[in-house]
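Okay, thanks for coming, everyone. I've got one structure to walk you through today, so let me put it up on the screen.

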Amino acid sequence: MSFESYSSSLLRYPKFGFSLDSSLMDLDAAFLESMQGKVDKAFADMAALESGAIANPDEGRMVGHYWLRNADLAPNDELRRQITEPLTALKDFADKVHTGAVCPPVGGIFERILVIGIGGSALGPQLVDQAIGQNARLPVLFFDNTDPAGMDHTLASIGAKGLTKTLVLVISKSGGTPETRNGMVEAKAAYDAAGLDFGKHAVAITGEGSKLYNFASKNGFITTFPMEDWVGGRTSVMSTVGLVPAAIQGLDIDQFLAGAAAMDAETRKTDATNNAAMRLALCWYAAGNGKGEKDMVVLPYKDSLVLFSKYLQQLVMESLGKELDLDGNVVNQGIAVYGNKGSTDQHAYVQQLRDGVPNFFATFIEVRKGRDGDTIEVEPGNTSADYLQGFLRGTRKALYESGRKSLTISIPEVTPFQLGLLIGLFERAVSFYASLVNVNAYHQPGVEAGKAAAGIFLEVLSGVRSRVVGEPKTAEQIAYEVDADAEDVYHCLNHLASNGEVQISLGKVPQEDTFSL
């Protein structure tokens, strides 16, 4: 690859210190010309989305996460108020927490935050904390699963005394999401055991009139912030979901929003050659032949961005992983995303990337600034930052020499503005790509199917519990009694046995295992 090719392929936004290098994706003029009709449609689809068109037909909802960083774009005054009023309120609330005007019942000030959420309601705040929360006024911990051992570990790290000055943020649009509800019940039990009033330590972020909203009202929560139905979980980090914890942490949410707004403005322009989000989408399309045939490996060369690949995993895969296209055809679309961080990956899976199955393209994230303050040489003439840059450039080059393509996104440093810039870039790339491959990025029928299946399992589990007695029975015997699948019943019984509720006696094969009280 020549320097001339690199130079002509580099897209820069100099005033932000941002650049996108697609020179190693080998996009040619013929491909770009062949995509022009799809590109024009994608720009039109984005304009319709931002103007308030119904984007989630399953639920009759608009998709308005782009309005969150520029309320003037919202299509009516009511929607604008739904953005500006909570933003003002959450800033005021954070200031009161910092000054002690909102304080724990024991007095003083809150010293830490416990966020209870799942999916985007936890992953967004986690990304923000990891990326720009190193010097936050309040540290933040998370219940982001329904794993009781994980919750016990987090509670142990806080301690009974620490609970007295811990502010709990419960985040759920409906209040019925099982993982979040379970986390809240577990947290409340811990506060109750410590003789503390959970409500006087808790804040809800939820839809008005939801189960959580009603629970918060009944239990005297400190306050409640709205969570609008036109914001999806995977794009909610710039709504109250992400901004409430970030503001209480003391982070610069105005700059965070400004970064995303700046990227929106640049990628709202319909010149594809200078539109970074469209360039990304076209690279994804070319790499996977418009069918997701190649995985995307995300390699941020900065410790603070270690969760960025996980964040993009949800954003990209939940948005693009669809069975049907907009015309009802079975297409099984999607792009698989994984990654960790450089240069840790040099000692993990880069070996396979270099020499193994060529089923991916890489996305490198370069952060040009090594550290704040003075640095040292780790060997004559070289710093740790020199090595990090060397590993990035070396890996990029080695992969291309083996026929593995890659993109490189560069930012000057990890700040609230630059993090907002990156999130805005990928959100818009996902929207553009969805249009290019003719799928709906804003519904998730597969997720709902998984939730329904979990509910069915719990119903079977309840029936199985009632049928275990002192006399040993096999899974098939109990399955007959509860009219359920024998294997499902077997897994229920094993779960009960593993948690001390029933006794198991192993046979030669699972069919011969017996269970009793």
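Before we look at anything, one term: when I say buried, I mean under 20% relative accessible area, while exposed is over 50% and partly exposed is in between. And keep in mind that this is a predicted model.

Let's start with two rings, Trp284 and Phe426, which are both buried. How many aromatic pairs are there? The count comes to 18 aromatic pairs. In the pair I want to show you, the ring centres of Trp284 and Phe426 are 6.3 Å apart and the planes sit at 25°, so we call it stacked. This pair links distant parts of the chain, with Trp284 in helix H11 (residues 276-287) and Phe426 in helix H15 (residues 416-436), 142 residues apart.

H11 is mostly covered, with 11 of its 12 residues buried. Among them are Arg279, Cys283, Trp284 and Tyr285. As for its length, the end C-alpha atoms of H11 are 16 Å apart, which agrees with the 16 Å that its 12 residues should span at 1.5 Å a residue.

Okay, charges. By count we have 24 salt bridges. One of them is between the side chains of Arg396 and Asp21, at 2.4 Å, N to O. That one links distant parts of the chain: Arg396 is in helix H14 and Asp21 is in strand S2 (residues 18-21), 375 residues apart. Are these two partners buried or exposed? Arg396 is buried because its relative accessible area is 12%, and Asp21 is buried as well, at 3%.

Another bridge joins Arg112 and Glu111, with the closest N and O atoms 3.8 Å apart. Here Arg112 counts as buried at 17% relative accessibility, whereas Glu111 counts as partly exposed at 38%.

Then there's Lys341 with Asp303, a salt bridge at 3.1 Å, N to O. Both ends of this bridge sit in loops: Lys341 between strand S13 (337-339) and helix H13 (350-355), and Asp303 between strand S10 (295-300) and H12, 38 residues apart. Lys341 is buried at 18%, but Asp303 counts as exposed at 51%.

Some bridges share partners, and that joins Glu50, Arg69, Asp264, Arg268, Glu427 and Arg428 into one network. Keep your eye on Arg428 there, because we also find its charged end over the ring of Tyr66, 4.7 Å from the ring centre.

Last stop, the surface. Which residues form a nonpolar patch there? That would be Ile376, Val378, Tyr387 and Phe391, with about 370 Å² of accessible area together. Ile376 is found in the loop between strand S14 (360-367) and helix H14 (384-401). With a relative accessible area of 58%, Ile376 is exposed.

That's my tour, so over to you for questions.

Key
Residues are numbered from 1 along each chain as its sequence is written. This is a predicted model: local features need pLDDT of at least 70, side-chain atom pairs count only at pLDDT 80 or more; totals for chains, interfaces and linings use all residues. Side-chain values use heavy atoms; hydrogens and water are left out. Patches are made of residues with over 30% relative accessible area and no salt bridge: like charges are joined within 9 Å, nonpolar side chains (Val, Leu, Ile, Met, Phe, Trp, Tyr) within 5 Å. Accessible areas come from the Shrake-Rupley method with a 1.4 Å probe; for residues, only the protein chains shown count as cover. A salt bridge is a side-chain nitrogen of Lys or Arg within 4 Å of a carboxyl oxygen of Asp or Glu. Helices (H or I, at least four residues) and strands (E, at least two) are DSSP runs, numbered from the N terminus. Buried means under 20% relative accessible area, exposed over 50%, partly exposed in between (1.4 Å probe, protein chains only). Rings of Phe, Tyr and Trp (its six-membered ring) pair if their centres lie within 6.5 Å; planes under 30 degrees apart count as stacked, over 60 as edge-to-face and the rest as tilted. A charge sits over a ring if NZ of Lys or CZ of Arg is within 6 Å of the ring centre and within 35 degrees of the ring normal. The expected span of a helix is 1.5 Å times one less than its number of residues.
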